[in-house]
Amino acid sequence: MAEIHEKVDVCVIGAGHAGCEAALACARLGLETVIFTVSVDSIALMPCNPNIGGSSKGHLVRELDALGGEMGKNIDKTFIQSKMLNISKGPAVHSLRAQADKADYSREMRKVLENQDHLTIKQAEVCDLLWQDLCGEIDRTESKDPSQRDKKIIGVKTFTGTVYECKAVILCTGTYLRARCLCGESITYTGPNGLQAANYLTDSLKKMGIELRRFKTGTPARMDGRTIDYSKMEEQFGDERIVPFSFSTDPDSVQKEQVSCWLTYTNEETHSVIRANLDRSPIYAGIIEGTGPRYCPSIEDKVVRFAEKERHQVFLEPEGLHTNEMYVGGMSSSLPEDVQLAMYRTVPGLEHCKIVKNAYAIEYDCINARQLYPTLEFKTVKGLFSAGQFNGSSGYEEAASQGLIAGINAAMWILGKKQLVLDRSESYIGVLIDDLVTKDNREPYRMMTSRAEYRLLLRQDNADLRLRKKGYEVGLICQKQYEELLEKEKLIHDEVKRLKDTFVGANQEIQSFLASVESSPLKTAVSLAELICRPELSYTSIAPIDPDRKPLPEQVIEQVEIEIKYEGYILRQQRQVEQFKKMEKKKIPENIDYDDIRSLRIEARQKLKLFRPVSIGQASRISGVSPADISVLLVYLEHYLRDKKETVDEK
Amino acid sequence: MFVKNTIAAIATGLTDSGIGIIRISGPDAVNVGDRLFRTPSGRSVLKTAESHMMLYGTVVDEEGTVVDEVMAVVMRAPRSFTGEDTVEIQCHGGVLVMRKILQVSLRCGARLAEPGEFTKRAFLNGKIDLARAEAVMDVIQSQNEYALSASVKQLRGKLSEVIKKLREEILYEIAFIEAALDDPEHISLEGYRERLYEKINDLLNRTESLLKTAGKGKIVREGITTVILGKPNVGKSSLLNLLVGEEKAIVTDIPGTTRDVLEEYIDLHGIGFHVIDTAGIRDTEDKVEKIGVMKAGEYAKEADLIIYVTDSSVELDENDRKILSFIEKKHAIVLLNKSDLGTKVSEEEFRNFLRDVLPERKDIPIIRTSFTEEQGLEAFEETVREMFFQGEISGNNEILITNMRHREALQNAFESLCLVKKSIEDGMEEDFYSIDLMGAYTEFGKIIGEEVGDDVVEEIFSKFCMGK
């Protein structure tokens with residue numbers, strides 16, 4: 001058989017949200033890139049909820065955008081409703097969520113991919129990874145078992161036998177690896193939405209010594225919109241003033257007519273239908289072997305685990321403008337079709353519903369991401385990166401964020417440049433990846449705001465100030481955008497300084513102004529900044545007593561106001577971050593031998609050997625490693641480094 | 001919480017000696033020292049003091065009260081043991097004084113040093129040679145393990161339950177806020193502010209009362225394990241009650257009322273005592289009492305000090321002989337109680353009896369007391385103090401450190417809760433509350449040796465039904 005033999009820089013396996021970002025990043029950085037998908041029509045498919053963003057996930061998208069990712073721009077083009085969540089709470093937890101027209105989203109992303117230089121789309125199933133042993137080079141394991149030796153990736157092979165020689169591979173297989181869909185007793189061996197599963201790659205990965213595990217997730221049914229009685233539901237509107245996801249999108253360009261979502265509730269009847277048929281649920285019958293996520297439980301899970309709750313919310317969300325399909329948020333299920341129909345029909349407004357697509361659970365192969373460095377490269381295979389659900393996460397936004405970072409780092413590695421690792425104090429993306437590679441995650445990982453310990457600093461409104469510079473250094477943000485950022489920084493800095501340095505006295509004009517806005521009178525002169533700190537006042541409301549004010553862009557005012565109002569809290573977190581950074585900067589050499597450190601406790605030693613953390617900071621976050629172990633490690637490292645220095649000096 | 005990087009500890013042993021040294025080291029050491037040291041004319045001079053120059057003056061607490069006359073020396077980086085800015089305070093070597101000065105320095109911005117931390121810093125800053133690295137690592141690990149086991153040993157029982165309860169309640173509030181932030185469409189925070197405000201006041205009250213007892217020594221469990229031994233109904237429980245100042249042990253005229261063991265933590269003129277009241281010891285057929293008697297024997301083995309109480313209005317017998325054998329190698333005091341009921345046994349007679357049972361022990365003080373009339377107690381307390389300050393009895397150094405750590409953690413937790421309260425009063429949004437609630441949760445955890453880990457996420461999923 002005559003094989004075709006291609007030569008490229010990067011192969012991206014999978015064209016979901018992770019794969020698209022990874023491929024675009026590599027191609028935009030000038031590397032010849034191929035992106036493989038089992039179906040070109042399913043590029044950037046949204047197989048579950050029809051929205052992007054949400055609490056803390058919105059942060060991820062903004063960060064992704066600041067770094068030069070595509071998701072934010074794409075949802076700005078294709079959203080049909082937008083809402084800033086948590087608006088009554090502090091600025092740190094404001095989070096954007098937009099309903100997408102799924103078909104549009106997918107089509108627009110495909111267009112971007114198709115028009116990207118250096119990027120080729122290929123519909124093919126990758127079955128094999130090709131690699132070489134790194135014997136003698138940097139092999140630290142010296143293992144006799146070939147699967148345990150350090151390797152380097154050299155290419156991939158498709159089902160049809162074509163070989164693509166390459167320098168890096170990025171695995172973004174999502175939920176497709178040995179996928180199995182369950183709907184009650186009926187089981188199909190397909191990926192999401194009936195798409196073809198990828199059944200060969202797992203074996204190839206195992207041969208390389210990569211450990212796989214099995215996770216599970218699920219999706220609710222889609223209804224025919226014509227069979228829903230919306231008069232029995234509460235209408236959920238979008239925001240009046242829409243904030244775009246992307247920092248590059250002009251806010252005025254996205255103000256458009258929006259469609260509504262609808263809220264209804266389950267009831268006792270729903271719950272009794274579920275209870276009566278629990279034995280037919282594959283989860284409770286023990287057919288499902290994968291571990292499912294607790295944060296988006298199936299409706300049967302909710303009914304069992306929260307038995308005291310009389311009702312659960314159900315959101316009906318449109319799948320797009322050109323389809324009648326409605327997504328039934330809150331009621332994912334793996335019950336059999338007949339039970340599903342009976343159950344849905346107990347819900348007010350769904351009495352006569354017709355199901356277009358059944359709810360189902362899906363199981364798939366993925367990895368424990370502790371096998372990865374924070375760069376998302378495998379510790380034992382040079383040039384092999386992975387991102388998205390394959391790494392044990394869930395969610396479009398989590399996937400896209402990892403995809404971008406894996407793409408950037410694959411490119412940086414090939415180009416011989418410094419790789420990009422964001423830490424927990426810089427971004428939600430940093431928290432996400434650090435959690436994935438450092439913690440023992442036992443279920444698909446979802447971003448949550450409580451996972452970010454420095455969240456006052458990691459706001460969605462300042463993602464550009466935090467990360468744009470990094471995107472510029474990597475090469476995904478252009479000069480013009482970078483200069484705009486510098487200008488914005490300067491405006492914010494100058495205005496904060498002006499407000500802190502401008503004092504107003506306790507004169508008649510000021511006092512009567514304060515009285516007019518029900519704020520207590522001054523006893524001594526105060527700065528304008530101090531006035532803004534008062535809960536009842538704001539930057540805008542003190543305009544009458546601040547005649548020297550220059551007109552400033554909305555986003556600048558927002559930053560100025562937040563910086564002043566929350567200064568105390570922000571400073572405290574900044575101080576914590578300083579401490580945190582010290583530990584992150586202390587790197588642990590790759591070839592450290594933990595068995596050589598006698599004073600480590602056995603549990604700590606085992607964990608450290610398993611995770612092989614890159615820094616003292618990362619080591620300290622591994623469960624089972626105590627502060628005393630960290631102290632011991634610090635002393636050992638110092639010892640080790642001095643020893644090494646002495647040997648160098650002797651030479 | 002604020003991150004404190006300046007550490008303090010008592011550098012000399014925790015026994016009474018001529019001179020005691022409190023060492024403060026870290027970037028803020030000079031400031032901390034400056035806050036507590038005054039020259040004879042009352043000035044703060046450490047900030048500008050010349051390095052390595054001894055200065056005479058006093059240590060004052062926040063109210064300006066003089067704690068002790070001291071010598072202070074500033075050693076600026078890198079010319080110090082740790083290689084960091086260091087202040088050393090040389091004071092009179094009493095345990096009490098050293099402890100007080102250490103506490104003042106903690107309140108002035110230092111935190112208590114971890115086991116082996118000075119040495120660790122010295123090493124990391126290149127002040128100790130490589131040969132000692134291994135030893136340093138061993139010290140850190142072994143001291144840490146010791147401190148942990150000591151800490152856990154002290155905290156079995158009530159106090160740890162109280163702390164656990166506080167933590168559980170705090171965790172619930174954090175999880176509730178976080179769940180609502182993560183899933184605002186399913187969980188509403190309406191009216192929560194008011195509810196939390198009440199809750200915080202309750203938590204603050206409970207923490208404050210813990211802090212108060214900490215001062216008296218109920219939580220600061222350092223020092224001296226004292227076991228009260230004696231036959232039934234000689235007044236052991238009465239002694240405990242007198243020392244504690246409240247009716248803890250049931251006191252009746254019926255022998256054997258104290259069938260198990262009662263424990264209390266008391267503060268006698270600044271010295272912490274862990275007092276254990278045992279069941280009376282005699283030959284008995286009663287099973288429950290027999291267990292108590294066995295326990296008494298075990299406690300006696302662990303004791304730093306044994307108080308032997310006997311009823312001087314009845315004759316000594318075989319039981320006395322048996323119990324006295326427990327104190328063979330221990331520091332002990334004998335109380336001839338019930339002096340108000342007439343004397344069958346005089347001090348002279350008891351001394352002879354003792355010589356017969358324990359010929360080696362001529363040093364044991366014998367004091368006549370009447371607990372019902374509260375006679376002889378002063379003499380007893382005075383004797384205990386003398387024994388302590390002459391270094392005859394002493395507690396365990398490490399235990400003192402863990403206890404100080406408990407108090408520090410408790411104080412930090414209290415401050416975090418105050419910050420939550422302030423955030424509510426300032427009208428801050430709900431997401432700010434969980435930050436300091438987390439601080440309190442972490443600090444309480446330190447007391448019972450529990451880390452935070454994924455507690456919040458676990459709690460969210462177990463208590464709240466999340467959407468999608």
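The model is predicted, so local features need pLDDT of at least 70, side-chain atom pairs count only at pLDDT 80 or more, and totals for chains, interfaces and linings use all residues. Residues are numbered from 1 along each chain as its sequence is written, chains are lettered from A and ligands numbered from 1 in the order in which they are written, and side-chain values use heavy atoms, with hydrogens and water left out.

**View 1. Chain A as a whole.**
Chain A has 19 helices and 24 strands. Here helices (H or I, at least four residues) and strands (E, at least two) are DSSP runs, numbered from the N terminus. The radius of gyration of chain A is 27 Å, close to the 26 Å of the globule rule for 651 residues, so chain A is as compact as a globular protein of that length. That radius is taken over C-alpha atoms, and the globule rule is 2.2 Å times the number of residues to the power 0.38. Along the principal axes, the C-alpha atoms fill a box of roughly 90 × 85 × 50 Å.

How much of chain A counts as buried? The share is 61% of its 651 residues. Buried means under 20% relative accessible area, exposed means over 50%, and partly exposed lies in between (1.4 Å probe, protein chains only). The accessible surface of chain A is about 26200 Å², and 51% of that belongs to carbon and sulfur atoms. Such areas come from the Shrake-Rupley method with a 1.4 Å probe; for residues, only the protein chains shown count as cover. Take the contacts in chain A with a separation of 6 or more: residues 24 or more positions apart account for 73% of them. A contact means heavy atoms within 4.5 Å.

**View 2. Charges of chain A.**
Chain A carries 88 positive and 96 negative charges, and their mean positions are 3 Å apart. Lys and Arg count as positive, Asp and Glu as negative; His and the chain ends are not counted. The place of a charge is NZ of Lys, CZ of Arg, CG of Asp or CD of Glu.

**View 3. Chain B as a whole.**
Chain B holds 14 helices and 13 strands. Of its 468 residues, 54% count as buried.

**View 4. Where chain A meets chain B.**
Here 63 residues of chain A are in contact with 52 residues of chain B. The area buried between the two chains is about 5100 Å², and carbon and sulfur atoms give 55% of it. Which residues of chain A lose the most area to chain B? They are A:Y569, A:R572 and A:V635, together 12% of what that side buries. Buried area is the accessible area (1.4 Å probe) that two parts lose on being put together, summed over both.

**View 5. Backbone details in three loops.**
A cis peptide bond joins B:A77 and B:P78, with omega about 0°. B:P78 sits in the loop between β5 (66–75) and β6 (86–92) of chain B. A:A44 is not a glycine, yet its phi is positive, near 50°. The loop between β3 (33–37) and β4 (51–53) of chain A holds A:A44. A:A44 counts as buried, at 1% relative accessibility. B:N233 also is not a glycine, and its phi is positive, about 60°. This residue lies between β8 (224–230) and α7 (236–244) of chain B, in the loop. Is B:N233 buried or partly exposed? At 29% relative accessibility, B:N233 counts as partly exposed.

**View 6. A:G218 in a strand.**
Strand β14 (residues 212–224) of chain A contains A:G218. A:G218 is partly exposed, with a relative accessible area of 23%. Beyond its neighbours within four places in sequence, A:G218 is in contact with A:C48, A:S332, A:Y360 and A:A361. A:R305 is 87 residues away along the chain, and its C-alpha atom is 17 Å from that of A:G218.

**View 7. A:D629 in a helix.**
A:D629 belongs to helix α19 (residues 627–650) of chain A. A:D629 is buried, at a relative accessible area of 1%.

**View 8. A:A369 in a loop.**
A:A369 lies between β20 (360–367) and β21 (381–382) of chain A, in the loop. A:A369 is buried, with a relative accessible area of 1%. Leaving aside neighbours within four places in sequence, A:A369 is in contact with A:N391, A:L436 and A:V437. A:A369 and A:F390 are 21 residues apart in sequence and 8.7 Å apart in space, C-alpha to C-alpha.
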